[in-house]
Amino acid sequence: LQLFHKLGVTNLFIEAELEYGCPQNFMFMQYFIGCQMMMDPYQDVEKLIDTYLRGYYGNAAPVMKEYLNALRAGVKTHPNLQISIRIERWHYLASDFLVRWYKKLTAAERALPENSVYRARVQAEKLPLMWFACQNASATRKAFAAAGIKMDDLEKETHAAALKFLHRQRLKL
């Protein structure tokens with residue numbers, strides 16, 4: 001956006017739709033930062049991230065920042081370029097990563113008041129992780145079982161969280 005600004009670009013089309021059944025990680029944060037950067041492309045992105053996390057996740061912001069940084073580190077260290085035509089499994093999405101973050105995000109979620117909007121937002125951010133674990137159950141079942149989490153229970157939780165997310169978006173089913 002800084003380059004576009006320097007070049008005098010005045011109009012921009014960006015495609016960034018939300019996948020409603022399984023939202024992308026931190027998609028609403030990306031919308032927020034994109035909007036802020038279009039208004040002033042010289043803002044400090046890390047400060048915007050911190051502002052967003054505090055406002056959007058409340059007391060869970062430190063855990064969510066840690067999760068965001070874990071995702072960023074995983075993407076950064078992936079050996080191959082990921083493009084939409086060729087999608088491969090991110091290497092960091094190993095069973096130990098999924099179990100560790102499922103447990104951390106669940107703890108962060110439960111530490112918030114039950115009907116809190118912050119709790120619902122943490123749960124929605126956990127949804128892509130749960131979805132991936134269930135989609136790859138043959139590879140993740142053993143690790144989740146070792147952590148005392150039954151795949152059947154995880155699938156039920158994922159289904160309920162997906163429905164809750166859809167209803168929060170006011171989509172008709």
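Buried means under 20% relative accessible area, exposed over 50%, and partly exposed in between, with a 1.4 Å probe and protein chains only.

## Basis of the model

This is a predicted model: local features need pLDDT of at least 70, side-chain atom pairs count only at pLDDT 80 or more, and totals for chains, interfaces and linings use all residues. Residues are numbered from 1 along each chain as its sequence is written, and side-chain values use heavy atoms, with hydrogens and water left out.

## Phe26 and its loop

Phe26 counts as buried, at 2% relative accessibility. Its place is the loop between H1 and H2. Helices here are DSSP runs (H or I, at least four residues), numbered from the N terminus. Phe26 is not a glycine, yet it has a positive phi of about 55°. Most residues other than glycine have a negative phi.

## Leu71 in helix H4

Leu71 sits in helix H4. Its relative accessibility is 8%, so it counts as buried. Setting aside neighbours within four places in sequence, Leu71 is in contact with Asn25, Phe26, Tyr92 and Phe97. Contact means heavy atoms within 4.5 Å.

Leu93 lies 22 residues from Leu71 along the chain. The C-alpha atoms of the two are separated by 9.0 Å.

## The two sides of helix H3

Helix H3 covers residues 45–57, 13 residues in total. From first C-alpha to last it reaches 18 Å, close to the 18 Å expected at 1.5 Å a residue. The expected span is 1.5 Å times one less than the number of residues.

Which residues of H3 are buried? They are Leu48, Ile49, Tyr52, Leu53, Tyr56 and Tyr57. These cover an arc of only 130° around the axis, so they lie on the same side of H3. The arc is that of the directions from the helix axis to the C-beta atoms. The buried residues pack against helix H2 (27–39), helix H4 (61–76), helix H6 (117–135) and helix H8 (151–168). Lys47 and Arg54 are exposed on the other side of H3.

## A nonpolar surface patch

Leu1, Leu3, Phe4, Leu7, Val9, Leu12, Ile14 and Met38 form a nonpolar patch on the surface. Together they have about 750 Å² of accessible area, from the Shrake-Rupley method with a 1.4 Å probe. Patch residues have over 30% relative accessible area and no salt bridge, and nonpolar side chains (Val, Leu, Ile, Met, Phe, Trp, Tyr) are joined within 5 Å. A salt bridge is a side-chain nitrogen of Lys or Arg within 4 Å of a carboxyl oxygen of Asp or Glu.

Helix H1 (residues 2–7) gives the largest share of the patch, 3 residues. Phe4 is in helix H1. Phe4 is partly exposed, with a relative accessible area of 37%.

Methods:
Patch = residues over 30% accessible without salt bridge, like charges linked within 9 Å, V, L, I, M, F, W, Y side chains within 5 Å.
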